[in-house]
Amino acid sequence: MEVVILPDAEAVGKEAARKIAVLIRRKPNCVLGLATGSTPIPCYRELIRMHKEEGLDFSKVTTFNLDEYYPIDPRHHQSYRYFMDENLFNHINIDKARTFVPYGLAPDPYEHCIWYEEQIKKAGGIDLQILGIGHNGHIAFNEPGSSLASRTRVKTLTRETIEANARFFERPEDVPRYAITMGIGTILEAREILLLATSEGKADAVAKAIEGPVTSMCPASALQLHPHVTFILDEAAASKLERKDYYKYVHEMSESLKRQIREKLANQI
Ligand code: F6R
């Protein structure tokens, strides 16, 4: 597990976008796993800039989003499909047919979950998964107590989540009661994972996820079991890590080693 600590949310977004761009240039038909929420917005903004100014080409990229409310019309302004279109897909040259978000109006959401998992497999699996983290350590809609082996499934939202979301909907009865979400087991199958966290509000969850025990009570702690995870944090989100200085030291040392190797190889040519 790598921990990268950067000054602010903008830098976190840029670093995540840089890693995504490296992958797209190396593997133009790569499969990305994407998240909604406020944390990845600077990353999506930077990807849009890279597309417009540097010609980053998304034409062969496939994406799978982590989750979606159920039921919800994809055209609803609070749907995650709408969020992705507005914040990324409408501004890059991606083929919308290759952008998968769980369908909020699926006639049978249980069947849809099985179908969604099949589509991920058919696409060859997820190369790089972007995650945010909830204040309680949730990833996607996997709240504390979710099985670490869980797959894409229908979840009943907690009363707290429904109440917190009520402000985004016209009437309280419009708030969806369910969500379709990738499971923790599904997420752990991605080849590489980047978890982004910014702001002090995330500091407790981040510390538990990285330095606490692996437990379903902090779903993000399951990432400790994955062979290729990077936590990209701003200073505030990293503020409660006990070994913060050590992570910074390790990151500086490995960057310096990579630079030395690049220079050596360049001199050999
Ligand atoms: C969104 C998602 C959620 C968020 C998390 C953090 O697709 O899966 O788990 O990543 O709730 O949300 P923000 O980034 O808004 O703090």
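This is a predicted model: local features need pLDDT of at least 70, side-chain atom pairs count only at pLDDT 80 or more; totals for chains, interfaces and linings use all residues.
H4 has 14 residues. I took its span from first C-alpha to last and got 20 Å, close to the 20 Å expected at 1.5 Å a residue.

Next I looked up burial along H4. Pro109, His112, Cys113, Tyr116, Glu117, Gln119 and Ile120 are buried. They lie on the same side of H4, because they cover an arc of only 155° around the axis. I then checked the other side of H4 and found Tyr110, Lys121 and Lys122 exposed.

What covers the buried residues of H4? I noted strands S3 (62–65), S4 (67–70), S5 (99–100), S7 (153–156) and S8 (178–181) among the covering elements, along with helix H6 (184–188).

I went to the ends of H4. Aspartate 108 caps the N-terminal end. A side-chain oxygen of aspartate 108 sits 2.9 Å from the backbone nitrogen of tyrosine 110. Just after H4, I found glycine 124 with a positive phi of about 95°.

Then I turned to the cores. The largest nonpolar core holds 35 residues. Leu195, Leu233 and Leu241 have the most contacts inside it. At least two residues each come from S1 (2–6), H4 (109–122), S9 (192–197), H7 (203–211) and S10 (229–234). H7 gives the largest share, five residues.

I followed up leucine 233. Leaving out residues up to four places away in sequence, leucine 233 touches Val3, Val4, Ile5, Leu6, Val12, Ala197, Val206, Ile210, Ala238 and Leu241.

Last, I logged a second, separate core of 31 residues. Leu23, Met50, Ile92 and Ile130 are among its members.

Definitions and conventions: Residues are numbered from 1 along each chain as its sequence is written. Side-chain values use heavy atoms; hydrogens and water are left out. A nonpolar core is a set of buried Ala, Val, Leu, Ile, Met, Phe, Trp, Tyr and Cys residues joined through side-chain atoms within 4.5 Å. Buried means under 20% relative accessible area, exposed over 50%, partly exposed in between (1.4 Å probe, protein chains only). Helices (H or I, at least four residues) and strands (E, at least two) are DSSP runs, numbered from the N terminus. Contact means heavy atoms within 4.5 Å. The expected span of a helix is 1.5 Å times one less than its number of residues. The arc is that of the directions from the helix axis to the C-beta atoms. A polar contact is a pair of N or O atoms within 3.5 Å; within protein, one must be able to donate a hydrogen and the other to accept it, and residues adjacent in sequence count only if both atoms are side-chain atoms.
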